[in-house]
Amino acid sequence: MTLSVSLIISLRRLHRATMAWLVSWWRMLHFAILVFSLALSPSSYNRDNRPILAHRLVTNTAPNLVWFSVACALVSLVLIRIVVVSAQSYGLSRYALEMVVRVLVLELIPLTAALFVALRLTLPDGIAFAQMRSSGMLDTMQRQGVDLLRREYFPRVMSGIFAVWMLAIVSCVTSLVLAYLTIYGFTPWALQGYTRVVGQIFNPAVALILMLKVIFFSFAVALIPLASSYYPEEPHGRRNRLWAAHGLSEMLRLFSVILLVEVASLMGNYY
């Protein structure tokens, strides 16, 4: 009798956990559909909404772009030097550039840009909105007639997407320039061979995979941390509020999606 009761309790807990997991993903999908419908709506860019969106894009991207690019350039110089010296010591100097481009531009920089934007912008915004939801501030704003989705969530989602794109593009271009200068020095005569090697790496399939990876990274980083705080909390979800208040559930879900996207890109590039 005790075994059957404990089994029933375990099944009920599994059912509740499974339903909560499914509901959370369904809410995230619904939130994404709402945001993308606003992105395709001309009214989101009218005279009233355009200044809010532009302000959020600039304030969330420009300050982070400068010092992230500088930090990424310094780390890239160190990694490029390590790869070049290691390749020379093993007699593989002609493969140094290809290794640098594949390791830095294709893999490390997009992943680093996505994680940086998540930890710097979207996860703190999600935690702030969750605290506002718990305190009733968002409900008060809704009763006052404020369109939370259009005025608060949409600018932050779009700025998160834009920030990932800009950080990844600028840092990748900077790393390509630094790779040329580190390997060949300040000479224009190696430019033809350099562009040929880079062009062979960035064939249409690899370029498409890189573009899709950055896009999916940006969607995950911008949508997942903000989706859960958009919906009212369940009356019986007091334990879940403590979990979500620290952003742990959103962080785990975000890192899981980023890991899946990275694994899919690796399979597309090397299998």
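Predicted model: local features only at pLDDT ≥ 70, side-chain atom pairs only at ≥ 80, totals over all residues.
Local features need pLDDT of at least 70, side-chain atom pairs count only at pLDDT 80 or more, and totals for chains, interfaces and linings use all residues. Residues are numbered from 1 along each chain as its sequence is written, and side-chain values use heavy atoms, with hydrogens and water left out.

Start with the fold. The protein chain has nine helices and zero strands. Helices (H or I, at least four residues) and strands (E, at least two) are DSSP runs, numbered from the N terminus. The order of elements is therefore simple to write: α-α-α-α-α-α-α-α-α. The C-alpha trace spans about 75 × 65 × 30 Å along its principal axes. Contact here means heavy atoms within 4.5 Å. Among contacts between residues at least 6 apart in sequence, 83% join residues at least 24 apart.

Next, the surface. The accessible surface of the chain comes to about 15800 Å², and 71% of this belongs to carbon and sulfur atoms. Accessible areas come from the Shrake-Rupley method with a 1.4 Å probe; for residues, only the protein chains shown count as cover. A residue is buried under 20% relative accessible area, exposed over 50%, and partly exposed in between (1.4 Å probe, protein chains only). Of the 271 residues, 38% count as buried.

The UniProt record, an unreviewed entry, annotates "transmembrane region" over residues 26-45, 65-87, 99-123, 160-186, 206-231 and 252-270. UniProt positions follow the numbering used here, feature names are shortened, and annotations may be inferred rather than shown by experiment. Two of these spans can be checked against the model. Residues 160-186 are 93% helix and 0% strand, with end C-alpha atoms 36 Å apart. Residues 206-231 are 96% helix and 0% strand, and their end C-alpha atoms lie 38 Å apart.

Now the interior. A nonpolar core is a set of buried Ala, Val, Leu, Ile, Met, Phe, Trp, Tyr and Cys residues joined through side-chain atoms within 4.5 Å. The largest one has 68 residues. Phe31, Val117, Tyr153, Val157, Val221 and Leu254 have the most contacts inside this core. Helices H1 (2-39), H2 (50-89), H3, H4 (137-143), H5, H6 (191-201), H7 and H9 (248-270) each supply at least two of its residues. H3 gives the most, with 16 residues. Take Leu254 as an example. Not counting residues up to four places away in sequence, Leu254 touches Ala118, Leu123, Ala220, Val221, Ile224 and Pro225.

Which charged groups pair up? The structure holds six salt bridges. A salt bridge is a side-chain nitrogen of Lys or Arg within 4 Å of a carboxyl oxygen of Asp or Glu. Glu98 pairs with Arg102, the closest N and O atoms being 3.3 Å apart. Both lie in helix H3 (residues 96-135), four residues apart, about one turn of the helix. Glu98 is partly exposed, at 29% relative accessibility. Arg156 and Glu152 form another bridge, at 3.0 Å between the closest N and O atoms. These two are also four residues apart, in helix H5 (residues 148-184). Arg156 is buried, at 14% relative accessibility.

A further bridge spans the sequence. The side chains of Glu107 and Lys213 meet at 3.2 Å, N to O. This pair links distant parts of the chain: Glu107 is in helix H3, Lys213 is in helix H7 (residues 204-230), and 106 residues separate them. Glu107 is buried at 10% relative accessibility, and Lys213 is buried at 2%. Glu262 joins Glu107 and Lys213 in a network of salt bridges. Ser265, in helix H9, is in contact with Glu107, Ile209 and Lys213, leaving aside neighbours within four places in sequence. Ser265 is itself buried, at 4% relative accessibility.

Last, the cysteines. How many disulfides does the structure hold? It holds zero. A disulfide is a pair of cysteine sulfur atoms within 2.5 Å. Cys72 is in none; the nearest cysteine sulfur, that of Cys172, is 7.7 Å away. That distance is too far for a bond. Cys72 is buried at 11% relative accessibility, and Cys172 is buried at 10%.
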